[in-house]
Amino acid sequence: MAGVVACGSVSSIKALWETRIRKRREEQEEQTRRPSRGGAISRLSVTVWEDRAVLARLKQKLQTEDGRLVLRIEQEEWKSLPGCLVQLSQIQEWQIHRAGLLKIPHFISSFQNLLVLDLSRNAVTELPKQIGKLTRLKELLLSCNRIQVVPEELSKCESLERLELAMNRDLNKLPDQLRNLSRLQHLDLSMNDFHLFPDCLLALPDLQWLDMGGNHLQYLPEDIHRMENLHTLWLQRNVLQKLPDSISRMKNLDTLVLSGNRLRDIPPMMDDMTRLRFVNFRDNPLTLEVSLPPRKSVSKHDDDEEEEEDGDDEDDREMFGREFMHFYIQEARKRAYAALNMHCVSETNEDSIE
């Protein structure tokens, strides 16, 4: 009987100790977990504080210009834009220059009131597809970045009037869907890597100003006259060897810059481009060597201002090249007629000898 009691006492004591050990382990585990929870809460608190500090800093960059709320950052490093910026979604214009910005955040689609997005002179490498959500955007200025591809979603920015992608170096094509930008008036694609004239440009109904200088264009499309509303066309520093005759059918074109190409001749039909007020053929290996005839002598004036104006006229005469173009075409026609007459005379002499 005593043995049984002893056995029962040992079992009770063992159970008691096991219970205590289990509780102790649970307490230790709880103590182990507590610092992790505290650390997470601590880190969360730090993040919230940092967001508030960054947001306060961004609010200092806000300005009201011409009735618009503008975020303006100049020459201050912001390689990325924080997510807390969405709390300022009422901003209508971003002006962020020389900030080293690497990418446009995907939350850009939250800025439905955005009218102008100017991120010129940064290091942006791509346009996010979310850019297509900005249906009120009127100006997208991304010159002097590192963009290589333009997404087709950009064509959904139905209010876009001005697009600048100059000096992105490796950009060499545009998606055909951009023809849907029916309100686009101003397009700058200069200083890039275009070898072909983008077809979509021919279908832009309201395009008025186009700069494709500093590319590698070898020829222009034969139906370039479809750009009916274009009044300014910059094509300097390409490798164009000839111009299509249809360029003379661009009735609204008044400025045409063709300097620094490989043109050998000027289409005779360009003589009928009465709206053209500025044209530049400088630095082209034109076949004919012609020079403008001297102006008729005029009486001298003592008025210094009039003399200065005369000097300006001479400079304009050389720089604009419009008078040179007409004189070149006339001279080319004269020489062509002379060559034809000589050929006819030669054939007549041969016939008479026979």
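**Ground rules.** I number residues from 1 along each chain as its sequence is written, and I use heavy atoms for side-chain values, with hydrogens and water left out. As the model is predicted, local features need pLDDT of at least 70 and side-chain atom pairs count only at pLDDT 80 or more, while totals for chains, interfaces and linings use all residues.

**Entry 1: the sheet.** I looked up the strand order first. I found 11 strands in an open sheet, running β1-β2-β3-β4-β5-β6-β7-β8-β9-β10-β11, with mixed pairing. At the edges stand β1 (62-65) and β11 (278-280), each with a single partner strand, so one side of each has no neighbour in the sheet. From one strand to the next the twist averages 10°; the axes behind such angles are lines fitted to C-alpha atoms, for helices over the stretch in contact, and angles run from 0 to 180 degrees between N-to-C directions. My strands (E, at least two residues) and helices (H or I, at least four) are DSSP runs numbered from the N terminus. I call two strands paired if DSSP finds at least two bridges between them.

**Entry 2: strand β3.** How many residues of β3 are buried? I count 5 of the 5 in residues 93-97, so the strand is largely enclosed by the rest of the structure. Buried means under 20% relative accessible area, exposed over 50%, and partly exposed in between (1.4 Å probe, protein chains only). Glu93, Gln95 and His97 are buried on one face, and Trp94 and Ile96 on the other. On the pairing side, β3 runs parallel to β2 (residues 68-74) over 5 bridges, with arginine 72 opposite glutamine 95. It also pairs in the parallel sense with β4 (residues 116-118) over 3 bridges, and there glutamate 93 faces valine 116.

Entry 3: I checked β10 (residues 255-257) against β11 and got 3 bridges in the parallel sense. Leucine 256 has valine 279 of β11 as its bridge partner.

**Entry 4: the core.** The largest nonpolar core has 79 residues, and Trp94, Leu201 and Met270 have the most contacts inside it. For this I take buried Ala, Val, Leu, Ile, Met, Phe, Trp, Tyr and Cys residues joined through side-chain atoms within 4.5 Å. α1 (2-59), β2, β3 and α3 (322-353) each supply at least two residues of this core. I then followed leucine 201: neighbours within four places in sequence aside, it is in contact (heavy atoms within 4.5 Å) with Leu174, Leu187, Leu189, Leu207, Leu210, Met212 and Met227.

**Entry 5: cysteines.** I found 0 disulfides, a disulfide being a pair of cysteine sulfur atoms within 2.5 Å. Cysteine 84 is buried at 7% relative accessible area, and cysteine 200 is buried at 2%.

**Entry 6: loop residues.** Arginine 121, in the loop between β4 and β5 (139-141), has a positive phi of about 60° and is partly exposed at 44%. I noted these because most residues other than glycine have a negative phi. Lastly, glutamate 228 lies in the loop between β8 (209-211) and β9 (232-234) and is exposed at 58% relative accessibility. Its C-alpha is 8.6 Å from that of glutamine 208, 20 residues apart along the chain.
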